[in-house]
Each structure stands twice: as structure tokens, then as C-alpha cells.
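The sequence and structure come first.

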Amino acid sequence: MDDYPLLNLFWTMLELFLFILWFFLLFKIISDIFRSHDMGGWGKAGWLIFVILLPFLGVFVYLIVRGRSMGERDLAQAKQADAAFKAYVKEAAGTEGGGAGGHVDELAKLADLKNSGAISEEEFTKAKEKLLA
């Protein structure tokens with residue numbers, strides 16, 4: 001290792017980084033080919049064969065031809081995942097009428113009434129126990 005210059009070490013690290021980056025890009029494109037709904041089976045098969053048999057040319061041509069729609073599909077998938085997550089959180093919290101969400105709203109109202117002095121601590125405790133029972 002003494003005869004391996006520092007510049008060669010940096011060059012080797014750069015090559016390794018670009019090699020890993022290349023595989024990330026290749027897998028990203030292959031996954032985009034399969035999740036694309038605007039392309040038929042033969043189109044997907046053609047792109048996949050092109051990307052596998054001529055990887056450098058296939059990847060660059062795919063990025064040039066379908067790069068914009070690739071970004072749009074990524075954005076649509078992210079929005080769909082975000083909407084699904086928000087719907088799950090709302091369902092789990094029960095904020096869509098009735099259920100636990102109604103309890104949360106009622107508890108908040110009771111706390112406001114207690115803080116404003118409209119009800120006493122004992123009345124608040126009794127109403128809370130009745131609500132949570």
C-alpha cells in the first residue's frame with residue numbers, strides 16, 4: 001500500500017462512487033419501466049431489453065425520452081403516499097366524525113370550559129370520566 005499514491009486512492013474512490021451511482025440509476029429506471037401505466041407490455045419489454053443489453057445507451061436514451069414523465073410519476077406516487085398516510089392518521093385519530101375524534105373534541109371543549117371557569121374541577125372530572133367510560 002506504500003506504493004499507491006494518494007491521488008490514485010481518490011480516483012479509486014470516485015470510480016467506486018460512480019459505479020454505485022450507476023446501479024442506483026439503473027434500478028431506478030427499471031422500476032420506472034415496470035410502474036409506468038402509460039406503456040403497454042411490449043413497450044415495457046422493449047425498454048427493458050434495451051436497458052439490459054445496451055445499458056449505457058439504454059439508460060441515457062430512456063432519460064432523454066421519458067425523463068420528464070419519470071419525474072411526474074415520482075411526484076404522483078409521493079402525493080398518493082402522502083394522501084394515504086394522512087387518511088390513515090385521520091382514521092387512526094378518529095377525526096372524521098364520531099369515534100375517538102368526537103371524544104377528543106368533547107375533551108377539548110370540557111378543558112376550555114374548565115379553563116374559563118364555567119365548570120369546576122369536580123364537574124370537569126365527572127364529565128371526563130363519563131365521556132371516557
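Contact here means heavy atoms within 4.5 Å.

## Basis of the model

This is a predicted model, in which local features need pLDDT of at least 70 and side-chain atom pairs count only at pLDDT 80 or more, while totals for chains, interfaces and linings use all residues. Residues are numbered from 1 along each chain as its sequence is written, and side-chain values use heavy atoms, with hydrogens and water left out.

## Tyr 62

Tyr 62 lies in helix α3; helices are DSSP runs of H or I with at least four residues, numbered from the N terminus. Its relative accessible area is 0%, so Tyr 62 is buried (buried means under 20% relative accessible area, exposed over 50%, partly exposed in between, with a 1.4 Å probe and protein chains only).

Not counting residues up to four places away in sequence, Tyr 62 touches Ile 29, Asp 32, Ile 33, Trp 47, Gly 67, Met 70 and Arg 73. Between Tyr 62 and Ala 118 there are 68 Å in space, C-alpha to C-alpha, and 56 residues in sequence.

## The nonpolar core

A nonpolar core is a set of buried Ala, Val, Leu, Ile, Met, Phe, Trp, Tyr and Cys residues joined through side-chain atoms within 4.5 Å. The largest one has 12 residues: Trp 22, Leu 26, Ile 29, Ile 30, Ile 33, Met 39, Trp 47, Leu 48, Val 51, Val 59, Tyr 62 and Met 70. Two or more residues of this core come from each of α1 (6-35), α2 (41-53) and α3 (55-93). The most come from α1, with 5 residues.

## Helix α2

The 13 residues of α2 should span 18 Å at 1.5 Å a residue, and the end C-alpha atoms are 18 Å apart, which agrees; the expected span is 1.5 Å times one less than the number of residues.

Lys 44, Trp 47, Leu 48 and Val 51 are the buried residues of α2. Seen down the helix axis, they fall within an arc of 100 degrees, so they line one face of α2; the arc is that of the directions from the axis to the C-beta atoms. These buried residues pack against α1 and α3. On the face turned away from the buried side, α2 carries the exposed residues Trp 42, Ile 49 and Leu 53.

## Lys 44

Lys 44, in helix α2, is buried yet has no salt bridge (a side-chain nitrogen of Lys or Arg within 4 Å of a carboxyl oxygen of Asp or Glu). The nearest side chain of opposite charge is Asp 38, 7.5 Å away from Lys 44; Lys and Arg count as positive and Asp and Glu as negative, with His and the chain ends not counted. Leaving out residues up to four places away in sequence, Lys 44 touches Ile 33, Phe 34, Ser 36 and Met 39.
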